[in-house]
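The sequence and structure come first.

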Amino acid sequence: MNLLQKKLTKFTYVCLLSLGSQGLFAQQTVVKLHADQPSGIISKHIYGHFAEHLGRCIYDGFYVGENSSIPNTAGVRNDIIAALKNLNIPNLRWPGGCFADRYHWKDGIGPKGQRPSVVNTMWGGVTEDNSFGTHDFLNMCKLLGTEAYLAGNTGSGTVQELADWVQYVNFEGKSPMSDLRVKNGQVKPWNVKFWGVGNEAWGCGGNMTPEYYVGEYRKYSTFMEGGNLFKIASGANGDDYHWTETLMKGIPLQMMDGIALHHYSVPVWDKKGPATGFTEQQYFETMKSALKMEELVAKHSAIMDKYDPKKKVALVVDEWGGWYDVEKDTNPGFLYQQNTMRDAMIAGVTLNIFNNHSDRVKIANLAQCVNVLQAVILTNKEKMLLSPTYHVMEMYKVHQDATLLPVEVKTDDYVFGQEKLPSVSVSASKNAAGLTHVSVVNINSSKTEEIEIDVNGAKFKTVSGRILSSSKIDDHNTFEKPDYIKAVPFKGAVLKDGKLKVKLPPFSLVVLELN
């Protein structure tokens, strides 16, 4: 080798080192799957949904009325019922949200056409005729095969009002409220288990301090009698750890079954940015906010562990998802936004976090179900589409009530500017049929991730899977192309000698099945 060749070789080596430091030769992601260390059950209720009287979620979403030309059952769209049944949705939260602390349930019972109209002062200032009320919602839950989660009014309501609602819904014997239910056409009670004792008491639910809310919770909860109720306290806004500490100290454990937590993937509240046509910086910042859910769940759980080491009280993340500027020419109070592959990434990493913390997280609710925020379904008159988030929830349903299998992840980084995020997120479980499922997300906007999964404690013979991906991060389904993004068979996984090698394209996710 002459001097010139030596100099060129040295120059090439230095250049390659430099490129490597910028990500060309970034570390491979390595995952250890501990198939021999089952770690409890992933509650199916982590995969819950949320239906608020907000925008076009209820009216012109779920509910079109019995006289609509759109095929329906008791006014509820048949296509939405079929789509949600396919997700195996375990619970549905109603009537809010902020609307819950403005809702008086007796306005929504009795003959339709005779119910009083109300103004939805919280969302858009529209007048609602209360044609969708308690009977309509609970009978819809029967159609869906899902459990109802009712959010009680502790803001503008009274203790007696909430106590009456519990009796109306759940009491089978003779009483004023059960007699009224029978008069309105429902002989048997619905036996609703999940009850929220207010919503966002720190904000739209009354602007209370945590110390004040403790007293309110204890009072309302005392008079919510009858049935095996699962009572959920209004919990913290994001990283308000003082709120959680105050509730855990001030409310006896026997009076409380869950504490709520709300967190939206929003970097800057007054500059949310568009749902489509966003920049990579906006994508990166949104994913940074989504991944903060790991820190929030871990820190709130640690506080709860101090007072509840046996983990009797559940952490209930009953509002989560992406929140952007509304679509052009829509009512700003309706919170209608498009749903892209960015939202699929939010859903994938968030559900992995919940799965991996399923010892404490027992219930969660994506906000929201139809036509609002990170919706799984969008409608336009007779048309309906399933969003990328819907397909994530459908792929992940294999984890419902399965046994968590711990994973250790040493991930490559997604680097933007001077910041970095973990590129790869993973969770795994084994179901009752003995099948192991591994959900893997690559949030990196430009890099295919080569992932090695080292399986400990089990031997598998076959691997199959489905992938959700697209060519652009803001790709989405439209009413003209409703199936542009959907899950398809995945061919990028190879199983050999106890190791699983996966090539996962940028901003994509896969659910693998091992047998």
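An open sheet of five strands, with mixed pairing, has the order β17-β1-β22-β26-β25. Its edges are β17 (407–410) and β25 (493–496); each has a single partner strand, so one side of each is left without a neighbour in the sheet. From one strand to the next the twist averages 15 degrees. Helices (H or I, at least four residues) and strands (E, at least two) are DSSP runs, numbered from the N terminus, and two strands pair if DSSP finds at least two bridges between them. Axes are lines fitted to C-alpha atoms, for helices over the stretch in contact, and angles run from 0 to 180 degrees between N-to-C directions.

The model is predicted: local features need pLDDT of at least 70 and side-chain atom pairs count only at pLDDT 80 or more, while totals for chains, interfaces and linings use all residues. Residues are numbered from 1 along each chain as its sequence is written, and side-chain values use heavy atoms, with hydrogens and water left out.

| Strands | Sense | Bridges | Opposite residues |
|---|---|---|---|
| β25 and β26 (499–504) | antiparallel | four | Lys496 and Lys499 |
| β23 (463–468) and β27 (508–514) | antiparallel | six | Arg466 and Val511 |
| β5 and β8 (147–152) | parallel | four | Leu92 and Ala148 |

In β5, Asn91 and Arg93 point one way and Leu92 and Trp94 the other way, and all are buried. Buried means under 20% relative accessible area, exposed over 50%, and partly exposed in between (1.4 Å probe, protein chains only). In a regular strand the side chains alternate between the two faces of the sheet.

A further open sheet has six strands with antiparallel pairing, in the order β16-β20-β21-β27-β23-β24. The edge strands β16 (403–405) and β24 (488–489) each pair on one side only. Helix α9 (residues 341–356) lies across β16, β20 (424–430), β21 (436–442), β23 and β27, and runs at about 50 degrees to β20. Helix α10 (residues 388–396) also packs on the sheet, where it touches β21, β23 and β27; the direction of α10 makes about 160 degrees with that of β23. Contact means heavy atoms within 4.5 Å.

Helix α6 (residues 210–222) has 13 residues, which at 1.5 Å a residue should span 18 Å; the end C-alpha atoms are 18 Å apart, which agrees. The expected span is 1.5 Å times one less than the number of residues. Buried residues of α6 are Pro210, Tyr213, Val214, Glu216, Tyr217, Tyr220 and Ser221. Their cover includes α4 (159–170), β9 (194–197), β10 (230–237) and α7 (241–250).

How do α6 and α7 pack? Their axes are 9 Å apart, at an angle of about 40 degrees. That makes α6 oblique to α7; angles under 35 degrees count as roughly parallel, over 145 as roughly antiparallel, 65 to 115 as roughly perpendicular and the rest as oblique. The crossing of α6 past α7 is right-handed, meaning that the near helix is turned clockwise from the far one by less than a right angle. Pro210, Glu211, Tyr213, Val214 and Arg218 in α6 meet His242, Trp243, Thr246, Leu247 and Gly250 in α7.

Helix α7 is mostly covered, with eight of its ten residues buried. Among them are Trp243, Thr246, Leu247 and Gly250. The cover of the buried α7 residues includes α6, β10, β11 (258–265) and α8 (280–307).
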